[in-house]
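Subject: A structure for you to look at

Hello,

I am passing this structure on to you, with some notes on what turned up in it. Please have a look at it first, and then read on below.

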Amino acid sequence: MTTQQLIEQIKIKKSFLAVGLDVDLDKMPKHLLELEDPIFEFNKAIIDATHDLCVSYKPNTAFYEAYGIKGWMSLQKTINYINETYPAIFTIADAKRGDIGNTSSMYAKAFFEDLNFDSVTVAPYMGKDSVEPFLAFKNKHTIMLALTSNEGAFDFQTLAVDGKELYKHVLETSKTWKNSENLMYVVGATKAEYFTEIRKIVPDSFLLVPGVGAQGGSLSEVCKYGMNANVGLLINSSRGIIYASNGTDFAEKARAEALKMQKKMELILSEVV
């Protein structure tokens, strides 16, 4: 999917919501556990209930890998279902990969060619030769960790290096890499006060923003400081939507929570137009 196609979906749906498909059998409605593939059936129900309210789905691959080959097969069925049934949806493999060049090339092939995701999250600690293999794929997007929402982010990301925070060095350096126009960035919602500085470095890039909702991030603050002319934001919500209920009405409740988010986003978009 091209960036322009994503922008068009945001305009059509009046939404920049990404729904995180972080499946956990312990939190899943018990009646689904009787089915042959409860993970896929759960995802399918959530997707069918929310596809018109969001522009993206973001499975965190750890939640599938934890269940071995069965979990990976559920992930493959999930991405196939999205691509075949709702092809306009932007898909994110939240895998946080990053390794030496040859290994990164294999990771890229796995997510972009075999699973056919539109994007994948990567860690930049090993530098350009660990990220550029992902950037080489046409109409695919690499979402690089920039400033994350966890407490440990302050261990390294905000340390001053030559008088400038490390995350700023990461952002600036990434712009020099080959095919850097295919980059997006992860910026945590709990770091809303940093968005102004981030936008000075990457004014036109899309930012994937976790941490709104369950982690306490403010949608209005993120939009105030992080939105650009093309919106430029994908706001992720996982637990607050998919686990709104653990009963037989789980999909209906998920839709209700997604609708609340979409309506807030629609209002924000109406105010900036």
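Setting aside neighbours within four places in sequence, Leu-233 is in contact (heavy atoms within 4.5 Å) with Ile-10, Phe-16, Phe-195, Arg-199, Phe-206, Leu-207, Val-209, Val-222, Cys-223, Gly-226 and Met-227. Before going further, please note that this is a predicted model, in which local features need pLDDT of at least 70 and side-chain atom pairs count only at pLDDT 80 or more, while totals for chains, interfaces and linings use all residues. Residues are numbered from 1 along each chain as its sequence is written, and side-chain values use heavy atoms, leaving out hydrogens and water.

Buried means under 20% relative accessible area, exposed over 50% and partly exposed in between, with a 1.4 Å probe and protein chains only. Helices here are DSSP runs of H or I with at least four residues, numbered from the N terminus.

**Helix α2 and its two partners**

The axes of helix α2 (residues 38–50) and α12 come within 9 Å and cross at roughly 45°. Axes are lines fitted to C-alpha atoms over the stretch in contact, with angles from 0 to 180 degrees between N-to-C directions. Phe-42, Ala-45, Ile-46, Ala-49 and Thr-50 of α2 meet Phe-250, Ala-251, Ala-254, Arg-255 and Ala-258 of α12.

With helix α4 (residues 68–85), the α2 axis comes within 9 Å and crosses at roughly 25°, so α2 and α4 are roughly parallel to each other. On the α2 side, Ile-39, Phe-40, Asn-43, Lys-44, Ile-47 and Asp-48 make the contact, and on the α4 side Ser-74, Lys-77, Thr-78, Tyr-81 and Ile-82.

**Val-131**

Val-131 lies in helix α6 (residues 128–135) and counts as buried, because its relative accessibility is 0%. Beyond residues up to four places away in sequence, Val-131 touches Val-122, Ala-123, Pro-124, Thr-142, Met-144, Trp-177 and Leu-183.

Best wishes

Key: Helix = DSSP H or I, 4+ residues; strand = E, 2+ residues; numbered from the N terminus. Parallel < 35°, antiparallel > 145°, perpendicular 65-115°, else oblique.
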